[in-house]
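Welcome! Here is a friendly briefing to read alongside the sequence and the 3D view.

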Amino acid sequence: MLKIRLKRLGCKKAPAYRIIVINSTTRREGRPVEELGHYNPKTKEMKLDKVKALDWMTKGAQPTDTVAYLLKNCNEDGTLNYKKSDVVKLSKKAKAKAEAEAAAKAEAEAAAKAEAEAATAAVTEEATAE
């Protein structure tokens, strides 16, 4: 069975990958049937021949999960359509601090609203008393 998978290149802690078609029983750095492109996860740079990859898939080659993700998020010219997430991950201390600030802000707004309502009620009472 043929697989479309990644072949690791690069040095320690600086990986770079080639996207290859290879027999599923062959080792990771074995000789591929065909090279389809390359991918660098550090710089999010990718160049892929999407037409050849889809052609191999119609012939029965199975992509791995990572390669399937890359194919799905690939532009027509073979570059990666990378979207940086807007969600900021916070530590437990930072989350607690943010929640405390939000609670204090909500409490201050509620107090200001109550004070404004009391002031308007006093003004309406004065107006009705006159």
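Predicted model: local features only at pLDDT ≥ 70, side-chain atom pairs only at ≥ 80, totals over all residues.

## The chain at a glance

**Overall shape and surface**

- The protein chain has a radius of gyration of 29 Å, whereas a compact globule of 130 residues would have one near 14 Å.
- Along its principal axes, the C-alpha trace spans about 95 × 30 × 25 Å.
- Of the 130 residues in the protein chain, 21% count as buried.
- The protein chain exposes about 9900 Å², and carbon and sulfur atoms supply 54% of that area.
- Taking contacts in the protein chain between residues at least 6 apart in sequence, 35% join residues at least 24 apart.

**The sheet**

- Five strands form an open sheet with mixed pairing, in the order E4-E3-E2-E1-E5.
- Strand E4 (45-48) and strand E5 (62-63) stand at the edges with a single partner strand each, so one side of each has no neighbour in the sheet.
- Strand E3 (residues 34-40) and E4 run antiparallel and are joined by four bridges.

- Helix H1 (residues 50-58) lies across strand E1 (2-11), strand E2 (14-23), E3, E4 and E5. Helix H1 runs at about 125 degrees to E3.
- Helix H2 (residues 65-72) also lies across E1, E2, E3, E4 and E5. Helix H2 runs at about 90 degrees to E1.

**The nonpolar core**

- The largest nonpolar core has 16 residues, and Ile4, Ile19, Leu36, Met46, Leu48 and Leu70 touch the most other members.
- At least two residues of this core come from each of E1, E2, E3, E4, H1 and H2.
- H2 gives the largest share of this core, with three residues.
- In soluble globular proteins, nonpolar side chains tend to be buried together.

**A closer look at Leu36**

- Where does Leu36 lie? Leu36 is found in strand E3.
- Is Leu36 buried or exposed? Its relative accessibility is 5%, so Leu36 counts as buried, the cut-off for buried being under 20%.
- Setting aside neighbours within four places in sequence, Leu36 is in contact with Ile4, Ile19, Ile20, Val21, Lys47, Leu48, Asp49, Lys52, Ala53 and Trp56.
- One of these partners, Ala53, is 17 residues from Leu36 along the chain, and their C-alpha atoms are separated by 6.7 Å.

**Two lysines with positive phi**

- Most residues other than glycine have a negative phi.
- Lys13 is not a glycine, yet it has a positive phi of about 65 degrees. Lys13 lies in the loop between E1 and E2, and with 71% relative accessibility it counts as exposed.
- Lys44 is not a glycine either, and its phi is positive at about 60 degrees. Lys44 has its place in the loop between E3 and E4, and a relative accessible area of 31% makes it partly exposed.

Key:
Residues numbered from 1 in each chain as written. Heavy atoms only, no water. Pairing = 2+ DSSP bridges. Contact = heavy atoms within 4.5 Å. Axes fitted to C-alpha atoms, helices over the stretch in contact; angles between N-to-C directions. Rg over C-alpha atoms; globule rule 2.2 N^0.38 Å. Buried < 20%, exposed > 50% of the residue type's maximum accessible area, 1.4 Å probe, protein only. Areas by Shrake-Rupley, 256 points an atom, 1.4 Å probe, with all protein chains shown as cover. Core = buried A, V, L, I, M, F, W, Y, C linked by side-chain atoms within 4.5 Å.
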